[in-house]
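Open the model in your viewer and keep the selection tool at hand. This tour goes stop by stop, saying what to pick and what is there.

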Amino acid sequence: MLDMSKYTAETLMGMRGYDQTDADLGEISGVQPEPGGPVTSVMVDVGGFLGIGEKRVSLDSTMLTFVPNADNTSVMLKVNATKEQLEALPEIKG
């Protein structure tokens with residue numbers, strides 16, 4: 001489980017999420033609550049192609065972990081779900 005209190009909206013926005021096989025699942029396109037409060041969940045756009053047909057889903061800290069990349073120079077956001085599981089989540093409007 002990821003302690004999201006360590007991260008700001010600015011740090012998380014635009015970060016890409018990957019499944020356990022390193023397949024790209026989508027990018028963080030929003031956070032809850034809005035900037036100014038602690039981040040409690042992130043919104044990821046999943047599915048679609050080139051932005052068409054994507055849907056926004058909400059992921060809480062139980063679904064997220066940061067792991068070092070292969071050369072330990074940065075971290076990757078790992079999502080504890082498959083693309084199919086994310087696409088089955090309810091869509092977040094807005």
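## Stop 1

Select Leu86. Leaving aside residues up to four places away in sequence, Leu86 touches Leu25, Val46, Lys55, Val57, Leu59, Met63, Val79 and Ala81. Keep in mind that this is a predicted model.

Which residues have the most contacts inside the largest nonpolar core? They are Ile28, Val42, Leu59 and Leu86, in a core of 20 residues. Now colour the elements that give two or more residues to this core: α1 (9-12), β2, β3 (41-46), β4 (55-60), β5 (64-68) and β6.

## Stop 2: the whole chain

Zoom out and switch to cartoon. The protein chain has 2 helices and 6 strands. From the N terminus on, the elements run α-β-β-β-β-β-β-α. The chain has 94 residues, and 37% of them count as buried.

The chain exposes about 5,600 Å². Carbon and sulfur atoms supply 55% of that area. Then think about contacts along the chain. Among those between residues at least 6 apart in sequence, 42% join residues at least 24 apart.

## Stop 3: the sheet

Select the strands. In what order do the 6 strands of the open sheet stand? The order is β4-β3-β2-β1-β6-β5, and the pairing is mixed. Look at the two edges, where β4 and β5 stand. Each has a single partner strand, so one side of each is left without a neighbour in the sheet. From one strand to the next, the twist averages 45°.

Strands of a sheet pair through backbone hydrogen bonds, either parallel or antiparallel. Show β5 and β6 together: they run antiparallel and are joined by 5 bridges. Within this pair, pick Phe66; its bridge partner in β6 is Leu77.

Move to β2 and β3. These strands are also antiparallel, with 4 bridges between them. Select Gly30 and look across to β3, where Met43 stands opposite.

## Stop 4

Next, show β1 (16-18) and β2 (24-32). The two strands run antiparallel, and 3 bridges join them. Pick Arg16: its bridge partner in β2 is Glu27.

Follow the chain from β1 to β2. This hairpin has 5 residues between its strands. Select Asp22, which lies in that loop. Asp22 is not a glycine, yet it has a positive phi of about 70°. Asp22 is partly exposed, with a relative accessible area of 44%.

## Stop 5: salt bridges

Show the charged side chains. How many salt bridges does a search of the whole structure find? It finds 5.

Go back to Arg16 and Glu27. Their side chains meet in a salt bridge, 3.4 Å from N to O. Arg16 lies in strand β1 and Glu27 in strand β2, so the pair ties together parts that are 11 residues apart in sequence. Arg16 counts as partly exposed at 33% relative accessibility. Glu27 counts as partly exposed too, at 33%.

Now select Arg56 and Asp45. Here the side chains meet in a salt bridge of 3.5 Å, N to O. Arg56 is in strand β4 and Asp45 in strand β3, so this pair ties together parts 11 residues apart in sequence. Is Asp45 buried or exposed? Asp45 counts as buried, at 17% relative accessibility. Arg56 is partly exposed, at 23% relative accessible area.

Move on to Glu91 and Lys93. They form a salt bridge whose closest N and O atoms are 3.4 Å apart. Glu91 counts as partly exposed at 39% relative accessibility, and Lys93 as exposed at 67%.

## Stop 6: Thr82

Finish at Thr82. Thr82 lies in the loop between β6 (75-79) and α2 (83-87). At 33% relative accessibility, Thr82 counts as partly exposed.

Thr82 and Asp19 are 63 residues apart in sequence. In space, C-alpha to C-alpha, they are 6.0 Å apart.

How values were computed. Residues are numbered from 1 along each chain as its sequence is written. This is a predicted model: local features need pLDDT of at least 70, side-chain atom pairs count only at pLDDT 80 or more; totals for chains, interfaces and linings use all residues. Side-chain values use heavy atoms; hydrogens and water are left out. Buried means under 20% relative accessible area, exposed over 50%, partly exposed in between (1.4 Å probe, protein chains only). A nonpolar core is a set of buried Ala, Val, Leu, Ile, Met, Phe, Trp, Tyr and Cys residues joined through side-chain atoms within 4.5 Å. Contact means heavy atoms within 4.5 Å. Accessible areas come from the Shrake-Rupley method with a 1.4 Å probe; for residues, only the protein chains shown count as cover. Two strands pair if DSSP finds at least two bridges between them. Axes are lines fitted to C-alpha atoms, for helices over the stretch in contact, and angles run from 0 to 180 degrees between N-to-C directions. A salt bridge is a side-chain nitrogen of Lys or Arg within 4 Å of a carboxyl oxygen of Asp or Glu.
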